[in-house]
Amino acid sequence: MLKRTLGLAFLIGGLLAGLAQETGLGDYKTRLVRYATVDRVDGLIRDIYIAPEALEAVRKGQPLPPGTVVLIDLHQAKPNGRGGFVREGGFFVRASDESYVHTMTRLEGQDSLTSWRFGAFDPRTGELEPGAEVPGDCLECHRTALTTEMLFSYPQLQAFARSGEVQRSFCKQPGRQLF
């Protein structure tokens with residue numbers, strides 16, 4: 001229990017200490033590589049980006065290195081007026097961008113449960129996303145993905161590493177719900 005409490009305290013402290021560095025992610029679309037787009041049943045579209053160095057590690061079959069940044073850029077799907085969303089080519093059509101991004105940053109020398117710092121903020125200003133319980137919301141969900149570097153999209157990352165094609169998928173989980 002003490003180890004878990006210390007781990008959570010470390011994650012919270014790490015988030016606050018590292019937030020200033022991560023808020024410089026206003027240029028993430030050029031600094032990071034988009035490897036997947038996930039349409040979610042609740043109408044959120046998630047573009048998922050990763051640091052180029054981490055992509056290279058995946059190509060070599062190595063673990064994601066410390067300093068790896070994974071970023072989720074959120075978009076709203078266009079409603080179809082019948083309770084669903086407009087699709088084109090089988091995928092949701094974007095209606096608007098959300099102003100906040102979600103991030104995971106790999107830390108140095110931590111066990112798998114405490115090796116990631118989570119963030120939810122405006123990438124241009126560093127303003128925290130209102131109502132986001134960080135790291136709680138993120139950690140509780142992602143801990144179920146311990147075998148895949150805490151990334152639910154790890155299979156898509158591996159497929160992108162092999163093909164170079166952005167992977168498209170659909171997630172049946174609305175909001176921030178555990179599987």
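Residues are numbered from 1 along each chain as its sequence is written, and side-chain values use heavy atoms, with hydrogens and water left out. Because the model is predicted, local features need pLDDT of at least 70 and side-chain atom pairs count only at pLDDT 80 or more, while totals for chains, interfaces and linings use all residues.

Helices (H or I, at least four residues) and strands (E, at least two) are DSSP runs, numbered from the N terminus. Helix α3 (residues 52-59) packs against helix α5 (residues 154-163) at an angle of about 80°, and their axes are 9 Å apart. Here axes are lines fitted to C-alpha atoms, for helices over the stretch in contact, and angles run from 0 to 180 degrees between N-to-C directions. The two helices, α3 and α5, are therefore roughly perpendicular to each other (65 to 115 degrees; angles under 35 count as roughly parallel, over 145 as roughly antiparallel and the rest as oblique). On the α3 side, Leu55, Val58 and Arg59 meet Tyr154, Leu157, Gln158, Phe160 and Ala161 of α5, where contact means heavy atoms within 4.5 Å.

Attention now turns to the core. A nonpolar core is a set of buried Ala, Val, Leu, Ile, Met, Phe, Trp, Tyr and Cys residues joined through side-chain atoms within 4.5 Å; buried means under 20% relative accessible area, exposed over 50% and partly exposed in between, with a 1.4 Å probe and protein chains only. The largest such core holds 29 residues, of which Tyr35, Ile50, Leu64, Val70, Leu151 and Leu157 touch the most other members. Strand β3 (69-77) is among the elements that give two or more residues to this core, and β3 gives the most, with five. Not counting residues up to four places away in sequence, Ile50 touches Leu32, Val33, Tyr35, Leu55, Leu64, Thr68, Val69, Val70 and Leu157.

Strand β3 also pairs with β6: eight bridges join these antiparallel strands, and Ala77 has Arg94 in β6 as its bridge partner. Strands β6 and β7 are antiparallel as well, over six bridges, with His102 partnered by Ala120 in β7. Two strands pair if DSSP finds at least two bridges between them.

Finally, Phe170 lies in strand β8 (residues 167-171) and counts as partly exposed, at 39% relative accessibility. Beyond four places in sequence, Phe170 contacts Val38, Asp39, Arg40, Val41, Arg87 and Phe92. Phe170 and Ile45 are 125 residues apart in sequence, yet 9.2 Å apart in space, C-alpha to C-alpha.
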